[in-house]
Amino acid sequence: MISTTNRVSCHFGNFPLNFRKDSMDRFEAMSVLLAVIDAGSLSAGARRLHAPLATVSRKVADLEKHLGVRLVLRTRRGLALTEEGRAFVAASRRILDELDAAERQASGDYGALRGGLHVTAPIAFGERHLLPIALEFLKEHPDINLRLTLVDRQLSLADEHVDVALRIGHLADSALIATRLGAVRRVICASPDYLARRGVPRQPNDLAQHDGISFQGFATAPEWRYRRDGAAFAVEPRSKLAVNTTEAAIQAALAGIGIIRVLSYQISDQLRSGALQELLTEFAPEPLPVNVIHGPADPLPLKVRCFLDWIRPRLRAQMAY
């Protein structure tokens, strides 16, 4: 004789979850928590979910009570995850992504993907991280036609008919929907040849006596900004050369022309090889967030929804290293 019960015990990472017949509420609570973390605050999460702030706050508190641990802490900068919170959020993303994919596959959604998809990203980030993932998506879905625009400026999703965009930097408030994927560092560096000739700057103020390579025409060029005792301040080297592409700036730095400030993924190979040397690391500002954004359509077109489902976990995994 087979007995049935409304209660199932299992483990979610290190967290015991006791799913009764209200288990779907647990999935909802996980979704609410992720929306709050991705948005950066309870109020922003409530706006994203189109839900009352009190409801969102209560669901997070109920989840913490159910787990018996604190997941988030309020700080002056917003919300911060506890160690338990980081583990639970990572597990929640994985479980919900897998659940969503399973439901769509079971309903036949994945068998009806076709049409054009326009995606944009910064040049170096797109080439290094997004393009390989997008190519695999096209292999899985041959009826999709992808237009990938790699450019170091922000395209208007509405004006340029963009479906999905990768953005690096803090986002302005808008009706667009954003999901955080990770963060990148702002890096100051120069060639060993330049540093041998001109010396190594030990303090940000030393940069005033150095030559620099500046960017022109970038909406989100890395700022010459530093941290010291909690306060932010800016010092720039003298502009020896001004360019309008990241690759040109990197090539000039490799040639020993001056000091550049770029994003970590743009010169990771040169740092590993020693062709460029990172400077003033102890004064580095906070990393810049990386988000994937899309329009507020509800429901999302199937091709957009499935592309997002494909790239989000893969980009997060790449950026975790």
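Colleague: Which order do the strands take in the open sheet of 5 strands?

Modeller: In this predicted model, the sheet is open, with mixed pairing. Its 5 strands follow the order β6-β5-β7-β16-β8.

Colleague: Which strands stand at the edges?

Modeller: A strand at the edge has a single partner, so one of its sides is left without a neighbour in the sheet.

Colleague: Let's turn to β5. Why is β5 largely enclosed by the rest of the structure?

Modeller: Buried here means under 20% relative accessible area. β5 has 7 residues, and it is largely enclosed because the number of them that are buried is 5.

Colleague: Which residues of β7 stand opposite Val-119 and Thr-120?

Modeller: β5 (residues 115–121) and β7 (residues 164–168) also run parallel, joined by 2 bridges. Val-119 stands opposite Val-164, and Thr-120 faces Ala-165.

Colleague: Now the helices: at about what angle does α5 run to β6, and α9 to β8?

Modeller: Helix α5 (residues 123–140) lies across β5, β6, β7 and β16 (288–294). Helix α9 (residues 302–319) lies across β5, β6, β7, β8 and β16. The angle of α5 to β6 is about 175 degrees, while that of α9 to β8 is about 20 degrees.

Colleague: Good to know. Where in the protein chain is confidence lowest, and where is it highest?

Modeller: The chain averages a pLDDT of 82, and 83% of the residues score at least 70. Confidence is lowest in strand β1 (residues 8–12), with a mean of 39. At the other end of the scale, helix α6 (residues 192–198) is highest, at 96.

Colleague: Over which residues does pLDDT stay under 50?

Modeller: Where pLDDT is low, the predicted coordinates should not be read in detail. One such stretch has 33 contacts beyond four places in sequence in the model, and another has 10. The stretches are residues 1–24 and residues 217–221.

Key. Residues are numbered from 1 along each chain as its sequence is written. This is a predicted model: local features need pLDDT of at least 70, side-chain atom pairs count only at pLDDT 80 or more; totals for chains, interfaces and linings use all residues. Side-chain values use heavy atoms; hydrogens and water are left out. Two strands pair if DSSP finds at least two bridges between them. Helices (H or I, at least four residues) and strands (E, at least two) are DSSP runs, numbered from the N terminus. Contact means heavy atoms within 4.5 Å. Axes are lines fitted to C-alpha atoms, for helices over the stretch in contact, and angles run from 0 to 180 degrees between N-to-C directions. pLDDT is the predictor's confidence in each residue, from 0 to 100. Buried means under 20% relative accessible area, exposed over 50%, partly exposed in between (1.4 Å probe, protein chains only).
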